[in-house]
Amino acid sequence: MDMLIARSGWSEAPPTILIVEDDPAVRRSLLLLLQGRGFAAKAWSAADPALAEAARAAPDCLIVDYRLESSDGIAMLGALRAQGWDGPAILISAYPSEELSARAREAGFALVLEKPLREHMLIDAVTRLTRSGTPSASP
């Protein structure tokens, strides 16, 4: 997918968000939601191409589904950390549990959000985690 950058309303370049979600409808919704809020977002359906993208241009935040076809979100964050990336990450899952939340915290996730996602919770979390994510004016 092409990356669209919406710069209006940001005091500097908008935070870059890497989305990894294998469900096409959820992936597209997340991409449109974040781009609509001014974030520079890119979305991938699998971990490998997303890891290659992150190696080219480190994102400011990762949003990754726990269950992916060829991997999982925890393994993907581990691979990013092994590449030296130390940014904030959000794990999303339709099957949350206390065990998954504990594993996610141990792996370095800042937050685990349950699907279906509540838009305001996701936007608030991404804004807070990217630190520079406060728009200077309303778009």
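1. A polar contact here is a pair of N or O atoms within 3.5 Å, where within protein one must be able to donate a hydrogen and the other to accept it, and residues adjacent in sequence count only if both atoms are side-chain atoms. In these terms the side chain of Lys115 reaches that of Glu21 at 2.8 Å, and a second polar contact, of 3.2 Å, links the side chains of Lys115 and Asp65.

2. The model is predicted, so that local features need pLDDT of at least 70 and side-chain atom pairs count only at pLDDT 80 or more, while totals for chains, interfaces and linings use all residues. Residues are numbered from 1 along each chain as its sequence is written, and side-chain values use heavy atoms, with hydrogens and water left out.

3. Lys115 lies in the loop between β5 and α5 (119-129), helices (H or I, at least four residues) and strands (E, at least two) being DSSP runs numbered from the N terminus. Neighbours within four places in sequence aside, Lys115 is in contact with Glu21, Asp65, Ile92, Ser93 and Ala94, contact being heavy atoms within 4.5 Å.

4. Which way do the side chains of β4 point? Ala89, Leu91 and Ser93 point one way and Ile90 and Ile92 the other, and all are buried. Because five of the five residues of β4 (residues 89-93) are buried, this strand is largely enclosed by the rest of the structure.

5. Strands are taken to pair if DSSP finds at least two bridges between them. β3 (residues 61-65) and β4 run parallel and are joined by four bridges, with Leu62 having Ala89 as its bridge partner in β4. Four bridges also join β4 to β5 (residues 111-114), again in parallel, and Leu91 stands opposite Val112 in β5.

6. The chain passes from β4 through α4 (residues 98-107) to β5 in a right-handed β-α-β crossover, meaning that, with the strands pointing away from the viewer, the path from the first strand over the helix to the second runs clockwise. β3, α3 (residues 73-82) and β4 likewise form a right-handed β-α-β unit.

7. Helix α1 (residues 24-36) gives the largest share of the lining of the largest pocket, four residues.

How values were computed. Buried means under 20% relative accessible area, exposed over 50%, partly exposed in between (1.4 Å probe, protein chains only).
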